[in-house]
Amino acid sequence: MEQILIGLGIGLVIALIVYIWQATGKRDVEKKSKTEIARLKGLLADRMDLESEGLNKLKKEVEDLKSANENLRITNAQLSQKPGRAEVQRLQVYQQAIDRLVINSPGFGAAWQSALKESEEEFAKTYTGTQAFWKKVLPGKTNAKLIDSNVVDEQ
């Protein structure tokens, strides 16, 4: 019986040593895990703060761009309503029509280019010499009707 008690005592001592060794190892692992979890929580909090700041900046920028877009839309609408805008649009339509005629009509292009060159030279002369003075005093007459009467009536 003594041998059984001695064997039991040795077994309990070995079991106690193994238990203490396992407990200290487990405590070290838990301590390392807790520090790692705390570090990861800190990193996550920092990242969330940065992302929320970035998101807030993006939202503010979107709002600024929306207001700028609205202001530009209003400005564009106001500029299109200014006097003389209809005439400029009509001249653009005429320019497109002339470009189509130059492309589509074989004889029109050469005649148009020569007439355009003569008109440009005459227009350039109006800024120099006495011709400029007379053009300012006596406006020239033209047979061309640049604007429909409907456009003038709308304004």
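Visitor: Where in the protein chain is confidence lowest, and where is it highest?
Guide: This is a predicted model, and its confidence is lowest in helix 5, residues 149-154, with a mean of 48. Confidence is highest in helix 1, at 92.

Visitor: And what's the mean pLDDT for the protein chain?
Guide: The mean is 80, and 80% of the residues reach 70 or more.

Visitor: Which residues have pLDDT under 50?
Guide: Residues 151-155 stay under 50. For that stretch the model has 6 contacts beyond four places in sequence. Where pLDDT is low, the predicted coordinates should not be read in detail.

Visitor: OK, new topic. How many helices and strands are there?
Guide: The protein chain has 5 helices and 0 strands. Read from the N terminus, the order is α-α-α-α-α.

Visitor: Which residues form a nonpolar patch on the surface?
Guide: Met1, Leu5, Leu8 and Leu12 do, and together they have about 480 Å² of accessible area.

Visitor: Let's pick Leu5. Where is its place?
Guide: Leu5 sits in helix 1, which covers residues 2-80.

Visitor: Switching to charges: how many salt bridges does the structure hold?
Guide: It holds 4. In general, side chains of opposite charge can pair when their charged atoms come close.

Visitor: Show me one. What does Glu36 form a salt bridge with?
Guide: Glu36 pairs with Arg39, and their closest N and O atoms are 2.7 Å apart. Both residues lie in helix 1, 3 residues apart, which is about one turn of the helix.

Visitor: Which side chain does Lys60 meet in a salt bridge?
Guide: Lys60 meets Asp64, at 3.4 Å from N to O. Lys60 and Asp64 both belong to helix 1 and are 4 residues apart, again about one turn.

Visitor: One more, please. What does Glu70 form a salt bridge with?
Guide: Glu70 bridges to Arg73, where the closest N and O atoms are 2.5 Å apart.

Visitor: How many residues apart are Glu70 and Arg73 in helix 1?
Guide: They are 3 residues apart, so about one helical turn separates them. Glu70 itself counts as partly exposed, at 35% relative accessibility.

Technical notes. Residues numbered from 1 in each chain as written. Heavy atoms only, no water. Helix = DSSP H or I, 4+ residues; strand = E, 2+ residues; numbered from the N terminus. Patch = residues over 30% accessible without salt bridge, like charges linked within 9 Å, V, L, I, M, F, W, Y side chains within 5 Å. Areas by Shrake-Rupley, 256 points an atom, 1.4 Å probe, with all protein chains shown as cover. Buried < 20%, exposed > 50% of the residue type's maximum accessible area, 1.4 Å probe, protein only. pLDDT = per-residue confidence, 0-100. Contact = heavy atoms within 4.5 Å.
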